[in-house]
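Reader: Hi! I'm new to reading protein structures. Could we look at one together, step by step?

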Amino acid sequence: MRRRAIPLRAPVTKPQRNGDGHYETYARGLGVLNSPLLNKGTAFSAEERKLLGLTGLLPPEIGNIETQVRRAYVQYERLPDALSKNIYLTALHDRNAVLFYRLFSEHLREMIPIVNDLTVGMAMEQYHHECRPPRGVYLSIDHADAIEDAFSNLGAGPNDVDLVIATDAEQIPGIGDWGVGGIEVAIGKLAIYTAAGGIDPTRVIPVMLDVGTNRESLLSDPLYVGNRHARIRGAEYDAFIDAYVNVVTRLFPNALLQWEDFAPGNGRRILERYRDRIRTFNDDMQGTGAITLAAVISAVRVCGTRLEDQRIVIFGAGTAGIGIADQIRNAMVREGLSKSEAAKRFWCVDRQGLLTADMAGELRDYQASYACPTAYHKGWKHNGDGGGVSLAEVVHRVRPTMLIGASTAPGSFTETIVREMAAHTERPVIFALSNPPVLAEANPSDLIAWSDGRALIATGSPFAPVTYRGVTYVVGQVNNALLYPGLGLGVVVSRARRISDGMFVAAASAVSSLVTVHQPGASLLPHIDDLRTVSATVAVAVAEAAEAEGLAGPRLGDIVQQVQDAMWQPEYRPILAL
(Lines give C-alpha, C1' and ligand atoms only; values in the text may rest on other atoms or scores of the structure.)
Protein backbone atom coordinates (compact mmCIF):
# COMPACT_ATOMS: atom_id res chain seq x y z
CA MET A 1 0.00 0.00 0.00
CA ARG A 2 1.41 3.42 -0.91
CA ARG A 3 2.38 5.63 1.97
CA ARG A 4 0.59 8.83 2.75
CA ALA A 5 1.56 11.22 5.51
CA ILE A 6 -1.21 12.41 7.81
CA PRO A 7 -1.45 16.21 7.99
CA LEU A 8 -1.61 18.27 11.17
CA ARG A 9 -5.32 17.56 11.62
CA ALA A 10 -6.48 14.26 10.15
CA PRO A 11 -8.70 14.63 7.09
CA VAL A 12 -12.28 13.44 6.86
CA THR A 13 -11.29 10.85 4.29
CA LYS A 14 -8.92 7.95 4.74
CA PRO A 15 -5.24 8.53 5.49
CA GLN A 16 -3.68 5.45 3.97
CA ARG A 17 -1.62 3.30 6.26
CA ASN A 18 1.52 1.29 5.68
CA GLY A 19 0.99 -2.39 4.92
CA ASP A 20 1.54 -3.44 8.54
CA GLY A 21 -1.16 -1.04 9.76
CA HIS A 22 0.94 1.76 11.25
CA TYR A 23 0.48 5.46 10.54
CA GLU A 24 3.17 7.84 9.38
CA THR A 25 3.09 11.58 10.02
CA TYR A 26 5.13 14.78 9.82
CA ALA A 27 3.12 16.24 12.71
CA ARG A 28 4.79 16.82 16.07
CA GLY A 29 3.73 17.75 19.58
CA LEU A 30 0.36 19.44 19.83
CA GLY A 31 -0.18 18.74 16.13
CA VAL A 32 -0.36 15.04 16.96
CA LEU A 33 -2.56 15.54 20.02
CA ASN A 34 -4.93 17.77 18.03
CA SER A 35 -5.46 15.13 15.34
CA PRO A 36 -8.40 12.90 16.38
CA LEU A 37 -7.14 9.96 14.34
CA LEU A 38 -3.58 10.13 15.73
CA ASN A 39 -4.29 11.07 19.33
CA LYS A 40 -3.94 8.21 21.82
CA GLY A 41 -3.84 10.31 24.96
CA THR A 42 -1.85 8.54 27.67
CA ALA A 43 -1.55 5.39 25.52
CA PHE A 44 1.41 6.69 23.45
CA SER A 45 4.45 4.46 24.02
CA ALA A 46 7.69 5.89 25.41
CA GLU A 47 9.33 5.68 21.98
CA GLU A 48 6.38 7.40 20.28
CA ARG A 49 6.45 10.19 22.85
CA LYS A 50 10.09 10.84 22.15
CA LEU A 51 9.93 10.68 18.36
CA LEU A 52 6.65 12.63 18.03
CA GLY A 53 7.67 15.44 20.35
CA LEU A 54 5.22 14.55 23.12
CA THR A 55 7.65 14.50 26.05
CA GLY A 56 6.19 16.62 28.84
CA LEU A 57 2.87 17.11 27.01
CA LEU A 58 1.27 14.07 28.63
CA PRO A 59 1.17 12.64 32.17
CA PRO A 60 4.08 10.20 32.69
CA GLU A 61 2.01 7.03 33.12
CA ILE A 62 1.66 4.98 29.94
CA GLY A 63 -1.86 3.61 29.82
CA ASN A 64 -3.96 1.51 27.45
CA ILE A 65 -7.27 1.88 25.66
CA GLU A 66 -9.11 -0.45 28.05
CA THR A 67 -8.37 1.84 31.00
CA GLN A 68 -9.26 4.90 28.94
CA VAL A 69 -12.64 3.38 28.02
CA ARG A 70 -13.43 2.71 31.69
CA ARG A 71 -12.45 6.25 32.61
CA ALA A 72 -14.48 7.75 29.75
CA TYR A 73 -17.55 5.72 30.70
CA VAL A 74 -17.34 6.90 34.31
CA GLN A 75 -17.35 10.49 33.03
CA TYR A 76 -20.26 9.70 30.73
CA GLU A 77 -22.36 8.16 33.51
CA ARG A 78 -21.91 11.22 35.73
CA LEU A 79 -23.63 13.52 33.23
CA PRO A 80 -27.18 14.51 34.17
CA ASP A 81 -29.13 14.20 30.90
CA ALA A 82 -29.12 12.95 27.32
CA LEU A 83 -28.09 16.27 25.78
CA SER A 84 -25.06 16.59 28.08
CA LYS A 85 -24.04 13.06 27.15
CA ASN A 86 -24.39 13.86 23.44
CA ILE A 87 -22.15 16.91 23.84
CA TYR A 88 -19.59 14.84 25.78
CA LEU A 89 -19.46 12.11 23.13
CA THR A 90 -19.18 14.71 20.35
CA ALA A 91 -16.24 16.32 22.14
CA LEU A 92 -14.59 12.92 22.62
CA HIS A 93 -15.10 12.17 18.92
CA ASP A 94 -13.37 15.45 18.05
CA ARG A 95 -10.49 14.75 20.45
CA ASN A 96 -9.76 11.02 20.17
CA ALA A 97 -11.64 9.17 17.43
CA VAL A 98 -10.43 5.66 18.27
CA LEU A 99 -11.37 5.99 21.95
CA PHE A 100 -14.79 7.37 20.96
CA TYR A 101 -15.52 4.41 18.68
CA ARG A 102 -14.24 1.87 21.21
CA LEU A 103 -16.46 3.34 23.95
CA PHE A 104 -19.43 3.57 21.59
CA SER A 105 -19.04 0.02 20.27
CA GLU A 106 -19.01 -1.39 23.81
CA HIS A 107 -22.22 0.44 24.81
CA LEU A 108 -24.30 0.47 21.63
CA ARG A 109 -27.72 -0.13 23.16
CA GLU A 110 -27.23 2.69 25.62
CA MET A 111 -25.50 5.17 23.33
CA ILE A 112 -27.26 4.89 19.97
CA PRO A 113 -30.20 6.97 21.27
CA ILE A 114 -27.64 9.54 22.47
CA VAL A 115 -25.58 9.70 19.27
CA ASN A 116 -28.59 9.52 16.96
CA ASP A 117 -32.38 9.40 17.41
CA LEU A 118 -34.12 12.28 19.17
CA THR A 119 -31.13 13.35 21.26
CA VAL A 120 -29.28 14.47 18.16
CA GLY A 121 -32.35 16.57 17.39
CA MET A 122 -31.89 18.38 20.70
CA ALA A 123 -28.21 18.89 19.88
CA MET A 124 -29.16 20.34 16.50
CA GLU A 125 -31.38 22.91 18.10
CA GLN A 126 -28.25 24.30 19.79
CA TYR A 127 -25.94 23.72 16.81
CA HIS A 128 -25.51 27.33 15.69
CA HIS A 129 -25.18 28.55 19.29
CA GLU A 130 -22.11 26.40 19.94
CA CYS A 131 -18.55 26.54 18.65
CA ARG A 132 -17.82 23.08 17.27
CA PRO A 133 -15.02 21.95 14.97
CA PRO A 134 -16.47 21.49 11.47
CA ARG A 135 -16.84 17.88 10.39
CA GLY A 136 -17.84 17.05 6.83
CA VAL A 137 -18.69 19.04 3.73
CA TYR A 138 -21.14 21.94 3.56
CA LEU A 139 -22.61 22.60 0.12
CA SER A 140 -24.72 25.67 -0.63
CA ILE A 141 -27.33 25.89 -3.36
CA ASP A 142 -26.27 29.54 -3.69
CA HIS A 143 -22.79 28.39 -4.75
CA ALA A 144 -23.48 25.20 -6.67
CA ASP A 145 -20.47 25.86 -8.87
CA ALA A 146 -18.20 25.27 -5.83
CA ILE A 147 -19.23 21.64 -5.21
CA GLU A 148 -16.15 20.15 -6.85
CA ASP A 149 -13.82 22.54 -5.05
CA ALA A 150 -15.40 21.58 -1.72
CA PHE A 151 -14.74 17.87 -2.18
CA SER A 152 -11.32 18.44 -3.74
CA ASN A 153 -10.28 20.34 -0.61
CA LEU A 154 -10.50 17.08 1.34
CA GLY A 155 -7.45 15.80 -0.52
CA ALA A 156 -9.06 12.41 -1.09
CA GLY A 157 -8.34 10.24 -4.11
CA PRO A 158 -10.85 8.22 -6.14
CA ASN A 159 -10.29 5.08 -4.04
CA ASP A 160 -10.29 6.79 -0.64
CA VAL A 161 -14.06 7.07 0.05
CA ASP A 162 -16.54 4.25 0.71
CA LEU A 163 -19.63 6.06 1.98
CA VAL A 164 -21.17 9.54 1.69
CA ILE A 165 -24.31 10.46 3.66
CA ALA A 166 -26.12 13.61 2.58
CA THR A 167 -29.12 15.43 4.05
CA ASP A 168 -31.02 18.60 3.28
CA ALA A 169 -32.47 18.41 6.82
CA GLU A 170 -36.06 19.18 5.86
CA GLN A 171 -37.69 16.38 7.84
CA ILE A 172 -35.59 15.48 10.86
CA PRO A 173 -37.52 13.13 13.18
CA GLY A 174 -38.94 15.00 16.13
CA ILE A 175 -38.01 18.53 15.04
CA GLY A 176 -38.65 18.84 11.30
CA ASP A 177 -36.72 21.46 9.31
CA TRP A 178 -33.53 22.50 11.07
CA GLY A 179 -31.35 23.89 8.33
CA VAL A 180 -27.60 23.58 8.37
CA GLY A 181 -27.53 21.91 11.80
CA GLY A 182 -28.90 18.83 10.08
CA ILE A 183 -25.37 17.70 9.30
CA GLU A 184 -25.39 16.25 12.82
CA VAL A 185 -27.79 13.58 11.49
CA ALA A 186 -25.25 12.44 8.90
CA ILE A 187 -22.43 12.53 11.46
CA GLY A 188 -24.45 10.42 13.93
CA LYS A 189 -25.41 7.86 11.29
CA LEU A 190 -21.77 7.50 10.20
CA ALA A 191 -20.70 6.94 13.79
CA ILE A 192 -23.16 4.03 14.00
CA TYR A 193 -21.86 2.67 10.69
CA THR A 194 -18.39 2.49 12.22
CA ALA A 195 -19.24 1.27 15.72
CA ALA A 196 -21.84 -1.27 14.59
CA GLY A 197 -20.72 -2.14 11.07
CA GLY A 198 -16.98 -1.62 11.02
CA ILE A 199 -17.03 0.95 8.23
CA ASP A 200 -13.66 2.73 8.32
CA PRO A 201 -14.34 6.24 9.74
CA THR A 202 -11.51 7.69 7.66
CA ARG A 203 -13.30 6.67 4.47
CA VAL A 204 -16.66 8.40 4.98
CA ILE A 205 -18.01 11.91 4.40
CA PRO A 206 -21.06 13.58 5.98
CA VAL A 207 -22.61 16.19 3.67
CA MET A 208 -24.99 19.07 4.35
CA LEU A 209 -26.97 20.15 1.28
CA ASP A 210 -27.97 23.65 2.37
CA VAL A 211 -30.93 24.75 0.26
CA GLY A 212 -32.24 27.19 2.88
CA THR A 213 -34.76 26.71 5.66
CA ASN A 214 -38.41 27.54 6.24
CA ARG A 215 -38.01 27.77 10.01
CA GLU A 216 -38.49 31.42 10.88
CA SER A 217 -36.68 31.11 14.22
CA LEU A 218 -33.51 30.17 12.33
CA LEU A 219 -33.86 32.83 9.64
CA SER A 220 -34.28 35.53 12.27
CA ASP A 221 -31.49 34.28 14.55
CA PRO A 222 -28.35 36.44 14.11
CA LEU A 223 -26.20 33.45 15.13
CA TYR A 224 -27.56 31.09 12.45
CA VAL A 225 -24.75 29.95 10.12
CA GLY A 226 -26.73 28.53 7.20
CA ASN A 227 -28.35 30.10 4.13
CA ARG A 228 -30.74 32.84 5.19
CA HIS A 229 -33.59 32.28 2.79
CA ALA A 230 -36.58 30.00 2.33
CA ARG A 231 -36.02 26.53 0.96
CA ILE A 232 -35.46 26.56 -2.78
CA ARG A 233 -37.52 24.02 -4.68
CA GLY A 234 -38.31 22.95 -8.22
CA ALA A 235 -35.84 22.91 -11.09
CA GLU A 236 -33.08 24.74 -9.21
CA TYR A 237 -33.25 22.23 -6.34
CA ASP A 238 -33.12 19.27 -8.72
CA ALA A 239 -30.19 20.78 -10.62
CA PHE A 240 -28.30 21.22 -7.32
CA ILE A 241 -28.88 17.59 -6.36
CA ASP A 242 -27.84 16.49 -9.84
CA ALA A 243 -24.63 18.52 -9.64
CA TYR A 244 -23.84 16.97 -6.24
CA VAL A 245 -24.39 13.42 -7.52
CA ASN A 246 -22.35 14.00 -10.66
CA VAL A 247 -19.37 15.38 -8.75
CA VAL A 248 -19.35 12.73 -6.02
CA THR A 249 -19.73 9.79 -8.39
CA ARG A 250 -16.96 11.15 -10.62
CA LEU A 251 -14.49 11.94 -7.83
CA PHE A 252 -15.29 8.85 -5.72
CA PRO A 253 -16.57 6.19 -8.14
CA ASN A 254 -16.68 3.42 -5.51
CA ALA A 255 -18.65 5.37 -2.89
CA LEU A 256 -22.13 4.46 -1.67
CA LEU A 257 -24.44 7.50 -1.55
CA GLN A 258 -27.05 7.55 1.21
CA TRP A 259 -29.91 10.05 1.63
CA GLU A 260 -31.19 11.09 5.07
CA ASP A 261 -34.20 13.07 6.34
CA PHE A 262 -35.51 14.50 3.08
CA ALA A 263 -39.18 15.45 2.80
CA PRO A 264 -41.24 12.57 1.32
CA GLY A 265 -41.70 14.10 -2.14
CA ASN A 266 -38.04 15.05 -2.59
CA GLY A 267 -36.71 11.87 -1.02
CA ARG A 268 -38.68 9.52 -3.23
CA ARG A 269 -38.09 11.55 -6.40
CA ILE A 270 -34.34 11.60 -5.77
CA LEU A 271 -34.25 7.88 -5.05
CA GLU A 272 -36.23 6.97 -8.17
CA ARG A 273 -34.03 9.20 -10.32
CA TYR A 274 -30.72 7.63 -9.27
CA ARG A 275 -31.36 4.16 -7.83
CA ASP A 276 -30.88 2.33 -11.14
CA ARG A 277 -27.82 4.39 -12.13
CA ILE A 278 -25.60 4.41 -9.03
CA ARG A 279 -25.15 2.63 -5.69
CA THR A 280 -27.56 4.59 -3.49
CA PHE A 281 -30.43 4.21 -1.04
CA ASN A 282 -32.71 6.17 1.28
CA ASP A 283 -32.68 4.82 4.83
CA ASP A 284 -35.94 6.51 5.84
CA MET A 285 -37.79 4.63 3.10
CA GLN A 286 -35.81 1.52 2.26
CA GLY A 287 -33.95 0.95 5.52
CA THR A 288 -37.05 1.30 7.69
CA GLY A 289 -38.97 -0.91 5.28
CA ALA A 290 -36.30 -3.60 5.22
CA ILE A 291 -35.89 -3.91 8.98
CA THR A 292 -39.68 -4.08 9.33
CA LEU A 293 -39.65 -6.80 6.68
CA ALA A 294 -37.16 -8.70 8.87
CA ALA A 295 -39.66 -8.65 11.73
CA VAL A 296 -42.44 -9.67 9.31
CA ILE A 297 -40.38 -12.64 8.09
CA SER A 298 -39.87 -13.74 11.71
CA ALA A 299 -43.59 -13.39 12.43
CA VAL A 300 -44.55 -15.44 9.38
CA ARG A 301 -42.17 -18.16 10.56
CA VAL A 302 -43.94 -18.25 13.91
CA CYS A 303 -47.36 -18.40 12.26
CA GLY A 304 -46.35 -21.06 9.77
CA THR A 305 -48.02 -19.13 6.95
CA ARG A 306 -46.82 -17.64 3.67
CA LEU A 307 -45.94 -13.98 3.23
CA GLU A 308 -48.11 -13.72 0.13
CA ASP A 309 -51.19 -14.80 2.13
CA GLN A 310 -51.04 -11.89 4.57
CA ARG A 311 -53.61 -9.10 4.75
CA ILE A 312 -51.71 -6.03 5.88
CA VAL A 313 -53.12 -2.76 7.20
CA ILE A 314 -50.62 0.09 7.47
CA PHE A 315 -51.61 3.09 9.57
CA GLY A 316 -49.53 6.09 8.54
CA ALA A 317 -48.94 6.29 4.79
CA GLY A 318 -45.98 8.68 4.77
CA THR A 319 -42.33 8.06 3.96
CA ALA A 320 -41.88 5.27 6.48
CA GLY A 321 -45.29 3.62 6.05
CA ILE A 322 -45.14 3.39 2.27
CA GLY A 323 -41.47 2.42 2.45
CA ILE A 324 -42.51 -0.51 4.65
CA ALA A 325 -45.25 -1.46 2.19
CA ASP A 326 -42.77 -1.32 -0.69
CA GLN A 327 -40.28 -3.66 0.94
CA ILE A 328 -42.91 -6.23 1.96
CA ARG A 329 -44.51 -6.01 -1.50
CA ASN A 330 -41.12 -6.55 -3.17
CA ALA A 331 -40.58 -9.64 -1.03
CA MET A 332 -44.00 -10.94 -2.11
CA VAL A 333 -43.04 -10.37 -5.74
CA ARG A 334 -39.90 -12.45 -5.24
CA GLU A 335 -42.18 -15.24 -3.97
CA GLY A 336 -44.11 -15.20 -7.23
CA LEU A 337 -46.82 -12.54 -7.09
CA SER A 338 -47.04 -9.77 -9.64
CA LYS A 339 -46.52 -6.24 -8.37
CA SER A 340 -50.20 -5.38 -8.75
CA GLU A 341 -51.30 -8.62 -7.05
CA ALA A 342 -48.96 -7.95 -4.14
CA ALA A 343 -50.23 -4.36 -3.77
CA LYS A 344 -53.78 -5.73 -3.27
CA ARG A 345 -52.60 -7.32 0.01
CA PHE A 346 -52.24 -3.82 1.56
CA TRP A 347 -54.74 -1.34 2.96
CA CYS A 348 -53.08 1.97 3.80
CA VAL A 349 -54.71 4.45 6.16
CA ASP A 350 -53.58 8.03 6.65
CA ARG A 351 -55.02 11.22 8.16
CA GLN A 352 -57.81 11.30 5.59
CA GLY A 353 -58.68 7.66 6.24
CA LEU A 354 -58.26 4.68 3.93
CA LEU A 355 -56.40 5.60 0.75
CA THR A 356 -58.87 4.96 -2.07
CA ALA A 357 -58.77 5.23 -5.84
CA ASP A 358 -61.32 8.06 -5.86
CA MET A 359 -58.79 10.21 -3.94
CA ALA A 360 -56.48 10.30 -6.97
CA GLY A 361 -56.01 14.06 -6.89
CA GLU A 362 -55.18 14.04 -3.18
CA LEU A 363 -52.63 11.22 -3.10
CA ARG A 364 -48.89 11.48 -3.56
CA ASP A 365 -47.53 9.50 -6.47
CA TYR A 366 -45.94 6.89 -4.20
CA GLN A 367 -49.26 6.31 -2.39
CA ALA A 368 -51.33 5.80 -5.52
CA SER A 369 -50.31 2.18 -6.15
CA TYR A 370 -51.78 1.22 -2.76
CA ALA A 371 -55.12 3.01 -3.22
CA CYS A 372 -58.07 0.70 -2.56
CA PRO A 373 -60.33 0.24 -5.63
CA THR A 374 -63.65 2.09 -5.26
CA ALA A 375 -65.74 -1.04 -5.81
CA TYR A 376 -63.92 -2.88 -3.02
CA HIS A 377 -64.89 -0.48 -0.22
CA LYS A 378 -68.40 0.20 -1.43
CA GLY A 379 -70.79 0.13 1.52
CA TRP A 380 -68.08 0.69 4.12
CA LYS A 381 -68.77 3.32 6.77
CA HIS A 382 -67.13 6.71 6.22
CA ASN A 383 -66.73 7.41 9.91
CA GLY A 384 -63.27 8.99 10.03
CA ASP A 385 -62.57 12.52 11.23
CA GLY A 386 -62.25 13.81 7.67
CA GLY A 387 -65.14 11.82 6.27
CA GLY A 388 -62.95 8.92 5.15
CA VAL A 389 -62.95 5.26 6.14
CA SER A 390 -61.47 5.01 9.65
CA LEU A 391 -58.82 2.59 10.86
CA ALA A 392 -61.42 0.82 13.01
CA GLU A 393 -63.70 0.29 10.01
CA VAL A 394 -60.79 -0.97 7.87
CA VAL A 395 -59.78 -3.50 10.55
CA HIS A 396 -63.43 -4.61 10.89
CA ARG A 397 -63.83 -5.12 7.15
CA VAL A 398 -60.41 -6.44 6.15
CA ARG A 399 -59.75 -8.74 9.12
CA PRO A 400 -55.99 -8.17 8.77
CA THR A 401 -53.32 -10.62 9.79
CA MET A 402 -50.86 -7.73 10.24
CA LEU A 403 -51.36 -4.21 11.59
CA ILE A 404 -48.39 -1.86 11.23
CA GLY A 405 -48.31 1.64 12.70
CA ALA A 406 -46.07 4.44 11.41
CA SER A 407 -48.44 7.29 12.25
CA THR A 408 -47.01 9.12 15.31
CA ALA A 409 -50.63 9.04 16.54
CA PRO A 410 -50.35 7.75 20.14
CA GLY A 411 -52.97 5.29 21.33
CA SER A 412 -54.50 4.77 17.90
CA PHE A 413 -54.40 0.97 18.24
CA THR A 414 -57.26 0.85 20.73
CA GLU A 415 -58.53 -2.10 22.71
CA THR A 416 -61.58 -2.32 20.42
CA ILE A 417 -59.41 -2.44 17.29
CA VAL A 418 -56.97 -4.98 18.71
CA ARG A 419 -59.70 -7.28 20.03
CA GLU A 420 -61.52 -7.07 16.69
CA MET A 421 -58.33 -8.08 14.88
CA ALA A 422 -57.52 -10.86 17.35
CA ALA A 423 -60.99 -12.32 16.97
CA HIS A 424 -60.26 -13.27 13.36
CA THR A 425 -56.61 -14.37 13.33
CA GLU A 426 -54.85 -16.84 15.60
CA ARG A 427 -51.58 -14.88 15.88
CA PRO A 428 -52.22 -11.19 15.14
CA VAL A 429 -49.02 -9.42 14.08
CA ILE A 430 -49.00 -5.88 15.47
CA PHE A 431 -46.13 -3.44 15.04
CA ALA A 432 -46.39 -0.08 16.84
CA LEU A 433 -43.41 1.61 15.21
CA SER A 434 -43.84 5.30 15.99
CA ASN A 435 -41.25 6.70 18.39
CA PRO A 436 -40.43 7.93 20.98
CA PRO A 437 -42.54 5.71 23.27
CA VAL A 438 -45.03 8.52 23.99
CA LEU A 439 -45.99 8.49 20.29
CA ALA A 440 -46.39 4.72 19.99
CA GLU A 441 -49.71 3.50 18.60
CA ALA A 442 -50.07 1.22 21.65
CA ASN A 443 -48.20 -0.05 24.66
CA PRO A 444 -46.87 -3.61 24.27
CA SER A 445 -48.36 -4.71 27.60
CA ASP A 446 -51.81 -3.66 26.41
CA LEU A 447 -51.40 -5.39 23.05
CA ILE A 448 -50.48 -8.65 24.78
CA ALA A 449 -53.36 -8.42 27.26
CA TRP A 450 -55.97 -7.44 24.64
CA SER A 451 -54.94 -10.37 22.43
CA ASP A 452 -54.80 -12.84 25.33
CA GLY A 453 -51.06 -13.24 24.81
CA ARG A 454 -51.38 -14.25 21.15
CA ALA A 455 -50.07 -11.08 19.45
CA LEU A 456 -46.65 -11.02 17.83
CA ILE A 457 -45.30 -7.58 18.64
CA ALA A 458 -42.54 -5.23 17.59
CA THR A 459 -42.07 -1.56 18.39
CA GLY A 460 -40.07 1.39 17.11
CA SER A 461 -38.76 2.28 20.57
CA PRO A 462 -37.18 0.08 23.25
CA PHE A 463 -39.69 -1.38 25.71
CA ALA A 464 -39.08 -3.61 28.71
CA PRO A 465 -40.15 -7.28 28.53
CA VAL A 466 -43.78 -7.96 29.45
CA THR A 467 -44.86 -10.89 31.65
CA TYR A 468 -48.39 -12.16 31.06
CA ARG A 469 -49.86 -15.36 32.48
CA GLY A 470 -46.43 -16.72 33.33
CA VAL A 471 -44.84 -16.05 29.95
CA THR A 472 -42.25 -13.28 29.50
CA TYR A 473 -42.54 -11.57 26.13
CA VAL A 474 -39.39 -9.87 24.80
CA VAL A 475 -40.42 -6.90 22.67
CA GLY A 476 -38.32 -6.63 19.52
CA GLN A 477 -37.27 -3.13 18.51
CA VAL A 478 -37.52 -2.29 14.81
CA ASN A 479 -34.34 -0.25 14.75
CA ASN A 480 -32.70 0.59 11.40
CA ALA A 481 -29.30 0.19 13.05
CA LEU A 482 -29.86 -3.57 12.88
CA LEU A 483 -29.76 -3.36 9.10
CA TYR A 484 -28.09 -0.39 7.42
CA PRO A 485 -24.54 -0.83 8.85
CA GLY A 486 -24.42 -4.37 7.48
CA LEU A 487 -26.05 -3.31 4.23
CA GLY A 488 -23.42 -0.63 3.73
CA LEU A 489 -20.59 -3.00 4.63
CA GLY A 490 -21.88 -5.59 2.18
CA VAL A 491 -22.03 -3.00 -0.60
CA VAL A 492 -18.50 -1.81 0.20
CA VAL A 493 -17.10 -5.35 0.19
CA SER A 494 -18.91 -6.42 -2.99
CA ARG A 495 -18.47 -3.07 -4.80
CA ALA A 496 -22.04 -3.55 -6.00
CA ARG A 497 -22.93 -1.21 -8.86
CA ARG A 498 -26.36 -0.54 -7.36
CA ILE A 499 -28.53 -1.75 -4.48
CA SER A 500 -31.32 -4.03 -5.69
CA ASP A 501 -34.60 -5.06 -4.08
CA GLY A 502 -33.09 -8.52 -3.75
CA MET A 503 -30.22 -7.16 -1.65
CA PHE A 504 -32.71 -5.57 0.77
CA VAL A 505 -34.65 -8.84 1.03
CA ALA A 506 -31.37 -10.68 1.66
CA ALA A 507 -30.49 -8.21 4.41
CA ALA A 508 -33.92 -8.60 6.05
CA SER A 509 -33.76 -12.39 5.86
CA ALA A 510 -30.28 -12.35 7.41
CA VAL A 511 -31.49 -10.29 10.37
CA SER A 512 -34.48 -12.60 10.87
CA SER A 513 -32.25 -15.67 10.74
CA LEU A 514 -30.49 -14.58 13.93
CA VAL A 515 -33.51 -15.10 16.20
CA THR A 516 -35.08 -18.30 17.51
CA VAL A 517 -38.72 -17.36 17.14
CA HIS A 518 -40.47 -20.55 18.25
CA GLN A 519 -39.62 -20.12 21.92
CA PRO A 520 -42.69 -18.64 23.72
CA GLY A 521 -42.34 -14.88 24.10
CA ALA A 522 -39.23 -14.69 21.92
CA SER A 523 -38.31 -11.43 20.22
CA LEU A 524 -38.92 -11.15 16.48
CA LEU A 525 -35.58 -9.35 16.05
CA PRO A 526 -32.04 -9.72 17.45
CA HIS A 527 -30.93 -7.72 20.46
CA ILE A 528 -29.18 -4.48 19.63
CA ASP A 529 -26.28 -5.22 22.01
CA ASP A 530 -24.38 -7.39 19.53
CA LEU A 531 -24.72 -5.23 16.43
CA ARG A 532 -21.29 -6.02 15.01
CA THR A 533 -22.23 -9.71 14.72
CA VAL A 534 -25.58 -8.77 13.15
CA SER A 535 -23.85 -6.40 10.73
CA ALA A 536 -21.33 -9.02 9.64
CA THR A 537 -24.13 -11.52 8.97
CA VAL A 538 -26.10 -8.95 6.98
CA ALA A 539 -23.01 -7.88 5.02
CA VAL A 540 -22.29 -11.45 3.91
CA ALA A 541 -25.90 -11.92 2.76
CA VAL A 542 -25.90 -8.62 0.86
CA ALA A 543 -22.58 -9.36 -0.85
CA GLU A 544 -23.78 -12.84 -1.83
CA ALA A 545 -27.00 -11.37 -3.25
CA ALA A 546 -25.02 -8.78 -5.22
CA GLU A 547 -22.84 -11.50 -6.67
CA ALA A 548 -25.83 -13.73 -7.49
CA GLU A 549 -27.55 -10.88 -9.33
CA GLY A 550 -24.43 -9.97 -11.29
CA LEU A 551 -24.11 -6.60 -9.55
CA ALA A 552 -20.84 -7.18 -7.70
CA GLY A 553 -17.61 -5.57 -8.84
CA PRO A 554 -14.46 -7.71 -8.60
CA ARG A 555 -14.99 -11.43 -8.30
CA LEU A 556 -15.60 -12.35 -4.68
CA GLY A 557 -13.79 -15.22 -3.00
CA ASP A 558 -14.33 -16.16 0.65
CA ILE A 559 -17.05 -13.59 1.37
CA VAL A 560 -17.19 -14.30 5.10
CA GLN A 561 -13.45 -13.68 5.43
CA GLN A 562 -13.59 -10.61 3.19
CA VAL A 563 -16.27 -9.08 5.37
CA GLN A 564 -14.27 -9.76 8.54
CA ASP A 565 -11.13 -8.31 6.98
CA ALA A 566 -13.00 -5.18 5.90
CA MET A 567 -14.34 -4.35 9.37
CA TRP A 568 -12.38 -1.51 10.93
CA GLN A 569 -11.44 -2.13 14.56
CA PRO A 570 -11.24 0.66 17.18
CA GLU A 571 -7.64 -0.08 18.18
CA TYR A 572 -4.61 2.18 18.48
CA ARG A 573 -2.03 1.71 15.75
CA PRO A 574 1.71 2.39 15.89
CA ILE A 575 2.65 5.87 14.65
CA LEU A 576 5.99 6.57 12.98
CA ALA A 577 7.48 10.05 12.76
CA LEU A 578 8.62 11.14 9.29
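Author: Happy to! Let's begin with two strands: β11 (residues 429-432) and β12 (residues 456-459) pair over 4 bridges, in the parallel sense. Please keep in mind that this is a predicted model.

Reader: Which residue of β12 does F431 stand opposite?

Author: Strands of a sheet pair through backbone hydrogen bonds, either parallel or antiparallel. Here β11 and β12 pair in the parallel sense. Across from F431, the residue in β12 is A458.

Reader: Which strands are at the edges of the open sheet?

Author: The sheet has 7 strands with mixed pairing, in the order β9-β8-β7-β10-β11-β12-β15. An edge strand pairs on one side only. The edge strands are therefore β9 (353-354) and β15 (476-477).

Reader: Now for strand β3 (residues 163-167): how many of its residues are buried?

Author: In a regular strand the side chains alternate between the two faces of the sheet. In β3, L163, I165 and T167 point one way, V164 and A166 point the other way, and all are buried. The strand is largely enclosed by the rest of the structure, because the number of buried residues is 5 of the 5.

Reader: And which residue in β4 stands opposite V164?

Author: β3 pairs with strand β4 (residues 204-210) in the parallel sense, over 5 bridges. In β4, the residue opposite V164 is I205.

Reader: How many of the residues in the contact of α5 with α6 are nonpolar?

Author: From α5 come L103, F104, S105 and E106, which meet L108, M111, I112 and V115 in α6. Of these contact residues, 1 is charged, 1 is polar, and the number of nonpolar ones is 6.

Reader: Last one: is S298 buried or exposed?

Author: S298 sits in helix α13 (residues 283-303), and among the residues it touches are V515 and V517. Its side chain makes a polar contact of 2.8 Å with the side chain of S512, and the S298 side chain also reaches the backbone oxygen of L524 at 2.8 Å. Buried means under 20% relative accessible area. The value for S298 is 0%, so this residue is buried.

Technical notes
Residues numbered from 1 in each chain as written. Predicted model: local features only at pLDDT ≥ 70, side-chain atom pairs only at ≥ 80, totals over all residues. Heavy atoms only, no water. Contact = heavy atoms within 4.5 Å. Nonpolar A, V, L, I, M, F, W, Y, C, P; charged D, E, K, R; others polar. Buried < 20%, exposed > 50% of the residue type's maximum accessible area, 1.4 Å probe, protein only. Polar contact = N/O pair within 3.5 Å; in protein donor to acceptor, adjacent residues only side chain to side chain. Pairing = 2+ DSSP bridges. Lists of a residue's contacts leave out its neighbours within four places in sequence.
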